Amino acid sequence: MQAQWKKDATGDEKGESRMSEQLVTILTPCFNSGKTIEKTLECIENQTYQNIEYIIVDGGSIDNTLELIERHRGRLPKNLTIISEKDNGIYDAMNKGIRLARGQLIGIVNSDDSYERDTVEQVMNHYKGNQYEVVYGMQRTYLDGKEKSVVIYHHDFLPRQMITHPTCFVTRDAYEKLGVFDTQYRSAADYDLMLRYYESEAVIFTPVYHVLSNFHLGGMSSSQTGVRENALVRYRHGYLSKKRYWFMVAKSCLYEAICKLIPTQRKDNK
């Protein structure tokens with residue numbers, strides 16, 4: 001079953017040109033996110049930058065996710081699109097939102113993460129106006145509800161380490177001309193995409209030394225599945241030898257197996 005509602009702040013397709021600030025699109029993919037999505041919605045409501053198009057792509061939630069979104073509708077940007085239908089995973093949902101986006105820059109905030117109040121303002125202050133540009137910044141990371149780190153990984157080291165994707169704002173032209181997320185990946189399509197942009201030599205990467213995103217560890221990208229898929233991406237792009245790739249896979253599988261055994265052993269010793 002599909003439900004779709006769209007509300008345009010301008011009332012016509014030409015309204016965007018009359019806006020004093022450039023339009024920025026923010027996407028939130030979600031699925032059964034009732035326990036976490038309100039903080040995400042609140043971070044959009046509280047942005048200091050006003051000209052925002054907000055697109056929520058729900059995967060057909062059966063919990064109270066859509067109810068919570070409706071409860072916040074009056075406080076969210078008026079330029080709001082909500083889609084609820086089955087998808088083929090988070091990257092498919094992101095690609096759907098990108099195809100709908102009208103903003104010059106597109107940011108993606110997942111339904112268990114949040115932006116700082118001035119994130120979009122900071123991004124627009126640093127955006128250099130290039131046709132193909134990725135603006136990214138510092139990420140505050142949480143583990144078990146506690147702040148673990150504040151990090152930024154410079155794009156010069158993309159062949160070794162993914163930049164902080166939850167902070168990225170990408171020009172619409174980059175997505176349209178250079179490609180979107182490859183849905184064959186379950187957790188590392190963002191890394192594959194950024195490497196493709198990096199290797200194209202057409203994309204300008206603009207770092208912002210300011211916290212833009214609050215990211216909660218625990219998803220697939222931070223698991224050993226994510227570690228192995230990141231290694232696969234590096235191997236396919238030629239940054240890992242075959243031998244090194246399989247060593248990393250074996251090491252990850254061994255670590256995962258040990259972690260599964262430790263809780264059992266502790267329980268048996270009690």
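**Aromatic pairs, a buried threonine and a surface patch**

1. The count of aromatic pairs comes to 5. Rings of Phe, Tyr and Trp (its six-membered ring) pair if their centres lie within 6.5 Å; planes under 30 degrees apart count as stacked, over 60 as edge-to-face and the rest as tilted. The pair of Tyr 115 and Phe 169 is tilted, because the ring centres are 5.5 Å apart and the planes stand at 35°. Tyr 115 belongs to strand 6 (residues 114–115) and Phe 169 to strand 9 (residues 169–171), so this pair ties together parts that are 54 residues apart in sequence. Helices (H or I, at least four residues) and strands (E, at least two) are DSSP runs, numbered from the N terminus.

2. The model is predicted: local features need pLDDT of at least 70, side-chain atom pairs count only at pLDDT 80 or more, and totals for chains, interfaces and linings use all residues. Residues are numbered from 1 along each chain as its sequence is written, and side-chain values use heavy atoms, with hydrogens and water left out.

3. Buried means under 20% relative accessible area, exposed over 50%, and partly exposed in between (1.4 Å probe, protein chains only).

4. Tyr 235 and Tyr 245 form a stacked pair, because their ring centres are 5.1 Å apart and their planes are at 10°. Tyr 235 lies in helix 7 (residues 224–236) and Tyr 245 in helix 8, so the pair ties together parts 10 residues apart in sequence. Tyr 235 is partly exposed at 30% relative accessibility, whereas Tyr 245 is buried at 10%. Elsewhere, ring pairs link Tyr 91, Tyr 175 and Phe 181 into a cluster.

5. Thr 119 is in helix 4 (residues 119–126) and is buried, with 0% relative accessibility. Its side chain reaches the backbone oxygen of Leu 212 at 2.6 Å. Apart from neighbours within four places in sequence, Thr 119 is in contact (heavy atoms within 4.5 Å) with Gln 47, Phe 169, Val 211 and Leu 212.

6. Ile 262 is located in helix 8 (residues 242–269) and is partly exposed, at 34% relative accessible area.

Terms used:
Polar contact = N/O pair within 3.5 Å; in protein donor to acceptor, adjacent residues only side chain to side chain.
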